[in-house]
Amino acid sequence: VLRFETFSSTVEPEFWAGLAHHKLHSAQLDTKRTTIRGEFVGGRRHAVRGNGQTGPLQKVAVPARLRVKQDAWTIAENDTQKQQQQQQQPGVLVGVDGYLHNTNTVEEFKRYDKGELLRSVGAEVLDAIRSGKATQKPELLWPFLLLTFADLKKYLFHHWFAFPAVTADPPDTVTEVPVPISKFVARDTDLTQLLDEFAAFSIANADFCGTFVARYSPDAPEKRWYIGALTEWDEVCGSAHDGMAILGFVDPSSHATRPGWPLRNLLTWLRHQHPEVSQTRVLCFRDAALSQGKVSAAAQKCESIVLQVNVTPAVLLTAECRVSGWERDATQRLAPRTVDLSSTMDPERLATSALDLNLQLMRWRLAPEIDLARIAGTRALLVGAGTLGAYVARALLAWGVRKITFVDNGRVSFSNPPRQPLYEFADSVDGGKPKAEAAASSMRRIFPRVDAHGVQLSVPMPGHGVAAAEVEGTRAAAAQLEKLVVEHDVVFLLTDSRESRWLPTMLGALHRKLVLCVALGFDSFVAMRHGIVSDHDSNTGGPGTVERLGCYFCNDVVAPTDSLADRTLDQQCTVTRPGIAPIASGIAVELLATTLQHPLGGLAPAPVGGDAADGGNEGVFGAPAHQVRGYLTGFRQHAIVGQASSLCTACSPRVIEAYRQHGFDFLLRAGAANVPANYSYLETLTGLAELHRQTDRMLEDIEWSEDE
Ligand SMILES: [Zn+2]
């Protein structure tokens, strides 16, 4: 019985991209079959030495393949391109059309009547044979089938190839073992002549697609081989010639003795087109590559074989059209396959890896020591989703930070979108969207893999009285803010009022979080990090500084040294020169990045004096500054240092301890004064009020960070 070596499908990943494009842009929900172009790629047998290069040479077979690529759709519609495809490797590549059936659901894919699909294509092949079309265009003998379901949400491609073969029952048989071509020919020169003739034929026939008829006349004086098209069968086999007629095909099989799958339908062609033939020689031509100018020494390398086949006459077939050909999967079961391309095709993943690559380039080229994961893994809480919040969020995103939470109680107003790059005009109509959530959803539009959330929340403020009806709401807001502070690693203070920074500053100090604060003047800014309260920070004594960097409110007491300052910097200003917010936000985020790359993190000391100039030598980016102050007037920028004050209304141990003991009641008292920005209770608590009354004494007690 004649057995055949089947095909394996090879799908280039770009083909699936092509299928996704085809479905989205042309087919959509249409499930009619479309023609695609594939190509047969011959199998190969390689000699491999086993046992660590000492064992005997063994032949390892790479199976014959049908390959489809991204251009499967375009080539199928263009005869010129088909010829070009063929001519790239004449005689080696055999291009064929196939039929794609793309289903819309996985159920449809599973339920598809695969038997009927195969039979119908087999019947088409038979029609093409009987009508003579296949004789003119033998490619019609080998349409392939591809049934698919493309899950474009998950980038899963379920697919099943079939190579429809009209089978003979009873089967065709071989009368003897296959003969290697080198033994079949009478002399070596006949072999080289065969290779030459084949090469000439395949190049001369632009439509050559793998079949031929050959006549071998070993006794002829010179030209012993003739190769022609299938249409020449009668001529070649006619009694006018001596020599033997041979049916030939480019055999993709890499099996030593079995011919490849295309022979099945070629024998069907012979059976129906030439019913008088009951026996034929078949040349399984496997040396097309050798004929490409490598004819010398070909004899030893030749893989072609010659079969003697007994053809079952059509009249004896038990069934006219039996078809087989669904591809088996990797475990040899008749089952579909699934390709998961989510890691290579999902645009969200592509965006993620593109961002990661961008950051990695920094590591590869400029800062090999940088710990990108330390930055990217930082969970950032942004109190304030206005101009500063928007710029800080963008810069954090560019650093790879994934977890970003906005806190804001406002709505997007008409004036916001031009200055605040997370909002658009549409966000500001109809009263405006809540800012925090609008900012978060904007971030997700910019980068879908960001874990951005918005929390609509009014930050409780000292000095703002709390009406009885609002107590519970304020209590809930304070609790929610504290929970948010606990759940994040870094807190950015980006609101436009002093009072709204107080509670998050205090909570950041209480929970020992890294706090970064940005404040703007009309044409000046300060960007600073708050010192983290360390375990031994128990200086609750009289007025003075404690050994850590100050917070935004410490500046009230211990004015940072800046001899060049010509105005009060901490003034809150919502009317600012537009360039100042992105500058200050960028510096704040870089201050964070520098701090996170320092071995001591948030406990890193700030460079002072000479160190300030070069940033010190510790940490990938040097020592992180404490405060950066900048002015557009004169374009000056300074890194300065201010120590924490034991009198600070926000971070001093007394305040922290009072909150620890009394919780929300303490906040109520802090807000009870009902005099905006007065802080009288806090000032009394911390001794600041006393301090104000004794200014002279205070000045003696305060250690300035730099010489005045
Ligand atoms: Zn402080």
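The model is a predicted one, in which local features need pLDDT of at least 70 and side-chain atom pairs count only at pLDDT 80 or more, whereas totals for chains, interfaces and linings use all residues. Residues are numbered from 1 along each chain as its sequence is written, and side-chain values use heavy atoms, with hydrogens and water left out.

Ser585 belongs to helix 22; helices (H or I, at least four residues) and strands (E, at least two) are DSSP runs numbered from the N terminus. A polar atom of the Ser585 side chain lies 2.7 Å from the backbone oxygen of Ala581. Apart from neighbours within four places in sequence, Ser585 is in contact (heavy atoms within 4.5 Å) with Leu388, Tyr391 and Val392.

The zinc ion is coordinated by the SG atoms of Cys551, Cys554, Cys648 and Cys651 at 2.2 to 2.3 Å, donors being N, O and S atoms within 2.8 Å of the metal (3.2 Å for Na, K and Ca). The angles among the four donor atoms are 97 to 123 degrees, and the site is tetrahedral (four donors with all angles between 85 and 135 degrees). Along the chain the donors follow the spacing C-x2-C-x93-C-x2-C. Cys551 lies in the loop between strand 24 (545-549) and helix 22 (580-596), and Cys648 in the loop between strand 27 (643-645) and helix 24 (653-662), so the pair ties together parts that are 97 residues apart in sequence. Cys551 and Cys648 are both buried.

Eight strands form an open sheet of mixed pairing in the order 20-19-18-21-22-23-25-26, where two strands pair if DSSP finds at least two bridges between them. Strand 20 (451-456) and strand 26 (636-640) stand at the edges with a single partner strand each, so one side of each is left without a neighbour in the sheet. Within this sheet, strand 18 (residues 379-383) and strand 19 (residues 403-408) run parallel and are joined by five bridges, Leu381 having Thr405 as its bridge partner in strand 19.

Eight of the eight residues of strand 7 (residues 144-151) are buried, so this strand is largely enclosed by the rest of the structure. Strand 6 (residues 94-103) runs parallel to strand 7 and is joined to it by six bridges, with Tyr99 opposite Leu145. Strand 8 (residues 156-167) pairs with strand 7 in the antiparallel sense over seven bridges, and Phe161 in strand 8 is the bridge partner of Leu146.

Methods: Four donors count as tetrahedral if all angles lie between 85 and 135 degrees; four count as square planar and six as octahedral if opposite donors are over 155 degrees apart and all others between 65 and 115; anything else is irregular. Buried means under 20% relative accessible area, exposed over 50%, partly exposed in between (1.4 Å probe, protein chains only). A polar contact is a pair of N or O atoms within 3.5 Å; within protein, one must be able to donate a hydrogen and the other to accept it, and residues adjacent in sequence count only if both atoms are side-chain atoms.
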